[in-house]
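Please read the following points with the sequence and the structure at hand. They take up a loop residue, a core and a helix pair in turn.

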Amino acid sequence: ETVRDLIAAGERSFSFEFFPPKDEQGERQLWTALRELEALQPTFVSVTYGAGGSTRDRTVRVTERIAQDTSMTPLAHLTCVDHSRETLRSVIGSYAAAGVRNVLALRGDPSEGPAAPYTAHPEGLRYAVELVELVKSLGDFCVGVAAFPEGHPSAESLDRDAWVLAEKARAGADFAITQLFFRPEDYFGLVDRLTALGVDIPVIPGIMPITNLAQIRRMAELSGAELPPHVVERVSKHGDDPAAVRAEGIALATELCDTLLQGGAPGLHFYTLNRSKATREIFAGLRAPVGG
Ligand code: FAD
């Protein structure tokens, strides 16, 4: 099944994102979370594509194992960083051979972070839109792309950023998933700009549950997303009571999800950090039903 067909079936999509584990212990933790979340029958699950050889091999292995050994539909992330066209073709070929039909086509970041200047591989690709074209040319893949409610850190303007997303849709992208964000109006603003450009692909909001302030500050910094004062205030007023901080973070994320779904978002994509508990709590607390 492709993510496109699953979304077209009319139910709201809900999905979980994982990262490739570094070692055996990480692999066990990942599979525990995957099996616990499998019970919720997500629309799809995805595994990020890391920087560097061995994590990349793990991404491919985990994604293939999800396709073969679980009831879940995998979405394989792929980035252009340090890859020639030839290498990208071969990674896409190995996904196809394992029965993976859904690919999230990304540019990826330089090791200095998302705002640093990006240098393409000499025989590689400069922008994600070129990877969308490459994947589409290699078979009947369903292709997703990244979207940025606050604008990509190196985009000139929000309008320009929406134009980039529209270009990716025109190149064949079937849907988009957003970077993490905290203000629903940023998400709705992006959808409005996209609609004004004549593009109507589903844009699935990406949700990062807050379980402690230090962690969310770090994730916001890495992604270039802004941590708004009202979020910091609500979470930090619980000072050093970790259970209360966590409960407030879960409540914040649940409110955000409800507002997004009520406003017409086509689903939710959770950044799980390879743990299942916070995501399951948010999911259980939603007012609007999602999924089939
Ligand atoms: P692009 O769409 O190529 O955009 C990159 C920059 O170039 C933007 O500033 C854009 O405005 C600009 N641009 C694009 N096209 C043009 C053009 N024609 N002319 C001028 N400027 C242009 N990273 C990983 O390394 N691995 C992952 O697995 C991963 N998963 C992600 C999942 C999601 C849901 C999201 C939102 C991000 C993910 N990322 C991942 C991070 C992503 O790789 C970075 O955010 C990266 O900086 C941008 O990727 P992109 O695909 O949006 O690039």
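**Notes on the predicted model**

1. Setting aside neighbours within four places in sequence, Thr48 has contacts with Glu17, Phe19, Pro20, Thr59 and His77. The model discussed here is a predicted one. Thr48 belongs to the loop that lies between strand 2 (44–47) and helix 3 (53–69). From Thr48 to Glu17 there are 31 residues in sequence, and their C-alpha atoms are 7.3 Å apart in space.

2. Thr48 has 17 other C-beta atoms within 10 Å, and is therefore partly exposed. A buried residue would need 20 or more such atoms, and an exposed one 12 or fewer.

3. The largest nonpolar core holds 84 residues, and those touching the most other members are Val103, Ala105, Leu131, Val132 and Ala176. Helix 10 contributes the most to this core, namely 7 residues. In soluble globular proteins, nonpolar side chains tend to be buried together.

4. Val132 deserves a separate look. Apart from neighbours within four places in sequence, Val132 is in contact with Ala105, Val143, Val145, Lys168, Ala171, Gly172 and Ala173.

5. Helix 10 (residues 242–262) packs with helix 11 (residues 277–285) at an angle of about 50°, and the axes are 9 Å apart. Helix 10 is therefore oblique to helix 11. The crossing of helix 10 past helix 11 is right-handed.

6. On the side of helix 10, the contact is made by Ile250, Ala253, Thr254 and Cys257; on the side of helix 11, by Ala278, Glu281, Ile282 and Gly285. Sorted by class, this contact has 5 nonpolar, 2 polar and 1 charged residues.

Notes
Residues are numbered from 1 along each chain as its sequence is written. This is a predicted model: local features need pLDDT of at least 70, side-chain atom pairs count only at pLDDT 80 or more; totals for chains, interfaces and linings use all residues. Axes are lines fitted to C-alpha atoms, for helices over the stretch in contact, and angles run from 0 to 180 degrees between N-to-C directions. Helices (H or I, at least four residues) and strands (E, at least two) are DSSP runs, numbered from the N terminus. Angles under 35 degrees count as roughly parallel, over 145 as roughly antiparallel, 65 to 115 as roughly perpendicular and the rest as oblique. A crossing is left-handed if the near helix is turned anticlockwise from the far one by less than a right angle, and right-handed if clockwise. Two residues are in contact if their C-beta atoms, placed from the backbone, lie within 7 Å. Ala, Val, Leu, Ile, Met, Phe, Trp, Tyr, Cys and Pro count as nonpolar, Asp, Glu, Lys and Arg as charged, and the others, Gly among them, as polar. A nonpolar core is a set of buried Ala, Val, Leu, Ile, Met, Phe, Trp, Tyr and Cys residues joined through C-beta atoms within 7 Å.
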